[in-house]
Amino acid sequence: VIERQLALAPAALGIFCGVLSANLTFWLIGRVLGPAAFRLPGLRAAAKGGILEKARLQFDRSGFWAIFISRFLPGTRIPVCTLAGILGMSFPRYFLYSVIAILPWTALLLWIPDRIMELAKWGAIWWLLPGVVVLGGLWWWRRRLVSKEAS
């Protein structure tokens with residue numbers, strides 16, 4: 001148990017640093033390349049129409065939640081991190097928001113596999129997996145029936 005706990009700290013630090021460096025890289029890409037993109041003919045109209053300024057104001061109001069939620073919603077992290085750079089979010093603010101979002105993510109990445117291993121030791125995993133499949137099938141079937149009734 002002690003060896004496992006000692007190995008947990010470097011794993012947590014590695015995950016945290018890796019994810020943070022990726023977030024900062026995408027922010028930097030947005031910060032460096034983003035303004036140049038809005039000088040292209042297809043995007044120039046968006047910058048002139050005030051859309052960029054509206055997006056900047058909205059991101060100022062809800063940037064923390066966008067960054068936090070994107071950490072847990074697949075496919076949204078890279079666009080949100082890049083958008084933070086494009087819209088000019090300050091580095092200290094972005095860094096703080098990213099750290100706050102990455103902490104629970106790291107904990108979940110380390111906690112979930114451990115729980116699955118515990119379930120496997122008890123043999124409960126063999127009941128859990130079919131249960132998830134059955135519940136997923138029932139949910140799908142119910143959604144299918146509701147959509148047919150609505151048509």
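Arg93 is partly exposed, with a relative accessible area of 27%, where buried means under 20% relative accessible area, exposed means over 50% and partly exposed lies in between, computed with a 1.4 Å probe and protein chains only. The structure is a predicted model, in which local features need pLDDT of at least 70 and side-chain atom pairs count only at pLDDT 80 or more, while totals for chains, interfaces and linings use all residues. Residues are numbered from 1 along each chain as its sequence is written, and side-chain values use heavy atoms, with hydrogens and water left out.

**Salt bridges**

- The structure holds two salt bridges, a salt bridge being a side-chain nitrogen of Lys or Arg within 4 Å of a carboxyl oxygen of Asp or Glu.
- Side chains of opposite charge can pair when their charged atoms come close.
- Arg93 takes part in a salt bridge with Asp60, in which the closest N and O atoms are 3.4 Å apart.
- This pair links distant parts of the chain, since Asp60 sits in helix α3 and Arg93 in helix α5, 33 residues apart; helices are DSSP runs of H or I with at least four residues, numbered from the N terminus.
- Asp60 counts as partly exposed because its relative accessibility is 39%.
- Arg56 forms a salt bridge with Glu53, and here the closest N and O atoms are 3.0 Å apart.
- Both Arg56 and Glu53 lie in helix α3, which covers residues 51-72, and they are three residues apart, about one turn of the helix.
- Arg56 is partly exposed with a relative accessible area of 27%, and Glu53 is partly exposed with a relative accessible area of 39%.

**Nonpolar surface patch**

- Phe72, Leu108, Trp111, Ile112 and Ile116 make a nonpolar surface patch of about 440 Å², the accessible areas coming from the Shrake-Rupley method with a 1.4 Å probe, where for residues only the protein chains shown count as cover.
- Patches are made of residues with over 30% relative accessible area and no salt bridge, with nonpolar side chains (Val, Leu, Ile, Met, Phe, Trp, Tyr) joined within 5 Å and like charges within 9 Å.
- Helix α5, residues 91-122, gives the largest share of the nonpolar patch, namely four residues.
- Ile112 has its place in helix α5, and it counts as partly exposed because its relative accessibility is 39%.

**Gly42**

- Gly42 lies in helix α2, made of residues 41-48, and counts as exposed because its relative accessibility is 64%.
- The C-alpha atoms of Gly42 and Phe59 are separated by 22 Å, the two residues being 17 residues apart along the chain.

Key. Helix = DSSP H or I, 4+ residues; strand = E, 2+ residues; numbered from the N terminus.
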